Amino acid sequence: MVLNKDEFLKEYNIDEKFLIDNNIDWNELDKIYNDYSMYRKSYETQANLISNILREHKKVHSVKARVKDENHLIEKIIRKTEDRRRKYGQDFNFTVENYKDEITDLVGIRVIHIFKEDWEEIHNFITKMWNVNEIVANIRKGDNTKTFEELGIEVCSRLSGYRSVHYLIESYPTTEKVITEVQVRTIFEEGYGEIDHQLRYSLNEIPEILEQNLMLLNRIAGSSDEMASLINLLSKNFKDIESEYNKKIEEKNKKILELKENILKNEALDEKDKKLFIKNIESIIN
């Protein structure tokens, strides 16, 4: 399969001069395209496997999975070349040998949970099930980072207010290692993230009025998470109170039953007195 250069450059609005000026070899991009095409089906199988494992966790509300398509991979490689050269030096180029290590979201999985406090159990599950190469907690400035810091997790403050914990995990659908990006976030963070993503990718520049309303929505999403956690805590407290109450009632009924049995067994009382005592007890408790 040959990647059609003219169609690709037109679709992604890339000038061929940009490739020449940045010393990006189209033939190498074509090799990467074909190599990835060969592995993509196995990546889809692996994405489904990882997703199904995560779905089994009791704190997970839902799981979404996607495998990057070939064209988006090539577009990202072109876009990320400058960044990698700043990191590795100006001689760096993406190749068939290194692209799987450098592009860490070939397989992307999103894990949604309901309450913020559920994250820690999911975190423990992920770190137990897979080798984790990296964990980054994306937060909004001012968020509580104590839990992340105690666990030694890198914290990244995002100007957009984007919240999500990202994991890079290793898996082996073939003899070659595949890095999968797993994003874990609450259902409210997911809603905000989807709206923010849609706006940023559909508009070249977000107008100030939209930016301000996005920040307002972000605060509302954060407040909703806090409110949901409070409701969850109160619900647990009420359940504990109800359980304790039922336990006391059960103990009381047991003692009353024992008292009645002792009265009936008491040989010093005649049957008339026994019935009278039991009748008085029942009138008191009712």
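These are my notebook entries on a predicted model of one protein chain.

**Entry 1. Overall form**

I began with the secondary structure, and the protein chain comes to ten helices and six strands. I then looked up the extent of the C-alpha trace, which spans about 110 × 50 × 35 Å along its principal axes. The radius of gyration is 30 Å, whereas a compact globule of 286 residues would have a value near 19 Å. Of the 286 residues, 38% are buried.

**Entry 2. Salt bridges**

I next turned to charge pairs; the structure holds 21 salt bridges. I looked at several of these individually.

Lys76 and Asp105 meet through their side chains in a salt bridge, at 2.9 Å from N to O. Lys76 belongs to helix 4 and Asp105 to the loop between helix 5 (99–102) and strand 2 (107–113), so this pair ties together parts that are 29 residues apart in sequence. Are the two partners buried or exposed? Lys76 counts as buried because its relative accessibility is 15%, under the 20% limit. Asp105 is likewise buried, with a relative accessible area of 10%.

The side chains of Asp83 and Arg84 form another salt bridge, at 2.6 Å from N to O. Here I noted that Asp83 is partly exposed at 29% relative accessibility, while Arg84 is buried at 12%.

Asp143 forms a salt bridge with Arg163, and their closest N and O atoms are 2.7 Å apart. This pair links distant parts of the chain, 20 residues apart: Asp143 is in the loop between strand 3 (132–139) and helix 7, and Arg163 is in the loop between strand 4 (154–157) and strand 5 (164–171). Asp143 is partly exposed, with a relative accessible area of 24%, and Arg163 is buried, with 11%. I also recorded a network in which salt bridges that share partners join Lys64, Arg110, Arg185, Glu190 and Glu194.

**Entry 3. Lys68**

I located Lys68 in the loop between strand 1 (62–67) and helix 4 (70–88). Lys68 is buried, since its relative accessible area is 11%.

**Entry 4. Surface patches**

Which residues gather in a patch of negative charge on the surface? I found Glu120, Glu121, Glu149 and Glu150 there. Helix 6 (119–129) and helix 7 (146–150) each supply at least two residues of this patch. Glu149 has its place in helix 7 and is exposed, with a relative accessible area of 54%.

I then examined a nonpolar surface patch of about 720 Å², made by Met227, Leu230, Ile231, Leu233, Leu234, Phe238 and Ile241. One of these residues, Leu233, lies in helix 9 (residues 208–265). Leu233 is partly exposed, with a relative accessible area of 47%.

**Entry 5. Positive phi angles**

Lastly, I looked up backbone angles in two loops. Asn13 has a positive phi of about 55 degrees although it is not a glycine. Asn13 is found in the loop between helix 1 (5–11) and helix 2 (16–21), and it counts as exposed at 72% relative accessibility.

Asn23, also a residue other than glycine, has a positive phi near 55 degrees. I placed Asn23 in the loop between helix 2 and helix 3 (26–55). Asn23 is exposed because its relative accessible area is 55%, over the 50% limit.

Conventions: Residues are numbered from 1 along each chain as its sequence is written. This is a predicted model: local features need pLDDT of at least 70, side-chain atom pairs count only at pLDDT 80 or more; totals for chains, interfaces and linings use all residues. Side-chain values use heavy atoms; hydrogens and water are left out. Patches are made of residues with over 30% relative accessible area and no salt bridge: like charges are joined within 9 Å, nonpolar side chains (Val, Leu, Ile, Met, Phe, Trp, Tyr) within 5 Å. Accessible areas come from the Shrake-Rupley method with a 1.4 Å probe; for residues, only the protein chains shown count as cover. A salt bridge is a side-chain nitrogen of Lys or Arg within 4 Å of a carboxyl oxygen of Asp or Glu. Lys and Arg count as positive and Asp and Glu as negative; His and the chain ends are not counted. The place of a charge is taken as NZ of Lys, CZ of Arg, CG of Asp or CD of Glu. Helices (H or I, at least four residues) and strands (E, at least two) are DSSP runs, numbered from the N terminus. Buried means under 20% relative accessible area, exposed over 50%, partly exposed in between (1.4 Å probe, protein chains only). The radius of gyration is taken over C-alpha atoms; the globule rule is 2.2 Å times the number of residues to the power 0.38.
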